[in-house]
Amino acid sequence: LSWNAQDEILACVRSLQQALVQIEHEIIVIENASADGSAAALEKVPGIRLIKNHTNLGYAGGNNQAYTLAKGDLIWLLNQDTIVNADAASAMVQWLQQHPDYAGATVRLLNPDGSTQYYMHRRLPRWYMIPLALLHKRFSWFRPASVQRYLYLDKDFKTDFDIEQAAGSCLLLRRSAIEQLGYLFDVERFPLYYNDVDLCRRLHDHSLTIRCLCSQSITHLKGTSVRKLPKLR
């Protein structure tokens with residue numbers, strides 16, 4: 001999904017093309033009515049299927065649009081501000097090929113400096129965890145056990161584990177799992193935030209499991225589009 005981050009989406013697509021050389025694939029880019037020339041730049045990139053929207057369909061709407069166009073048995077949700085590599089791509093594909101009882105896979109997320117990126121992968125929240133986590137975000141010294149568990153601060157991301165709520169910035173899912181749910185993202189209730197939480201909760205309710213492969217990683221720049229939205233929005 002592309003929106004007003006020309007440099008990032010071009011870098012992401014280039015990294016994908018290099019990472020997927022040995023894997024049968026299609027790359028679908030939904031250009032969500034950017035105003036920074038992203039559409040014109042993407043038109044020059046060979047080997048992708050580019051859909052140019054005249055209006056911004058939002059995060060959920062744009063990803064749903066791509067899902068309806070995709071033909072693969074595996075659907076890789078990937079944010080525009082990510083840089084991927086061949087090892088991570090092949091590891092996730094191989095995991096799902098070798099473990100048919102799993103619905104999806106993700107990997108460890110890295111900051112640009114190579115450190116582990118916390119706060120993206122999480123456990124499914126209880127109602128009281130949300131305000132406590134927001135307090136922790138404002139006051140880092142405030143970190144009760146419930147917040148540490150919710151944000152996976154109790155994990156070192158060195159050992160693979162079954163993850164409750166994988167960040168939508170990088171999530172490889174079986175098409176068959178999404179079909180069991182009936183749809184990908186809920187556009188009406190979760191157009192921008194918490195759509196991946198809702199998706200993972202529905203997977204959980206269907207006893208569908210996601211694996212986090214901590215030996216593999218991708219770089220996630222984080223928030224390249226959200227920062228450009230008005231704060232009130």
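**Entry 1: the start of the chain**

I take buried to mean under 20% relative accessible area. I'm working from a predicted model, so I keep that in mind throughout. Is Ser2 buried or exposed? Its relative accessible area is 0%, so Ser2 is buried. Next I checked what the Ser2 side chain touches, and I found a polar contact of 2.8 Å with the side chain of Glu31.

**Entry 2: strand S1**

Glu31 took me to S1, where I looked at which way the side chains go. In general, side chains in a regular strand alternate between the two faces of the sheet. Here Ile28 and Ile30 point one way from S1, while Val29 and Glu31 point the other way. I noted that all four of these residues are buried.

Which strand does S1 pair with? I found S2, residues 49-52, paired with S1 in the parallel sense over four bridges. Opposite Ile28 I see Arg49 of S2.

Rolling a probe the size of a water molecule over the atoms shows where empty space is left. I turned to the second largest pocket and wrote down a volume of about 870 Å³. Its lining has 34 residues, and the closest to the centre are His25, Glu26, Leu74, Ile75 and Trp76. I also listed the elements that give two or more residues to this lining: helix H1 (6-19), strand S1 (28-31), helix H3 (58-69), strand S3 (74-78) and helix H4 (86-98).

Which element gives the largest share of the lining? That is S3, with five residues. Sorting the lining by residue type, I get 23 nonpolar, seven polar and four charged.

**Entry 3: two tyrosines with positive phi**

Last, I looked at backbone angles. Tyr152 has a phi near 55°, a positive value in a residue other than glycine. I located Tyr152 in the loop between helix H6 (145-150) and strand S6 (161-163). Its relative accessibility is 1%, so Tyr152 counts as buried.

Tyr194 also has a positive phi, near 65°, and again the residue is not glycine. I found Tyr194 in the loop between helix H7 (175-181) and helix H8 (195-205).

Conventions:
Residues are numbered from 1 along each chain as its sequence is written. This is a predicted model: local features need pLDDT of at least 70, side-chain atom pairs count only at pLDDT 80 or more; totals for chains, interfaces and linings use all residues. Side-chain values use heavy atoms; hydrogens and water are left out. Buried means under 20% relative accessible area, exposed over 50%, partly exposed in between (1.4 Å probe, protein chains only). On a 1 Å grid over the protein atoms alone, a cavity is a set of points where a 1.4 Å probe fits but cannot get out, and a pocket is an open set with protein on both sides within 12 Å along at least five of seven lines; lining residues have an atom within 4 Å of a point. Grid points are joined across faces, edges and corners, and a volume is the space filled by probe spheres set on the points. Ala, Val, Leu, Ile, Met, Phe, Trp, Tyr, Cys and Pro count as nonpolar, Asp, Glu, Lys and Arg as charged, and the others, Gly among them, as polar. Two strands pair if DSSP finds at least two bridges between them. A polar contact is a pair of N or O atoms within 3.5 Å; within protein, one must be able to donate a hydrogen and the other to accept it, and residues adjacent in sequence count only if both atoms are side-chain atoms.
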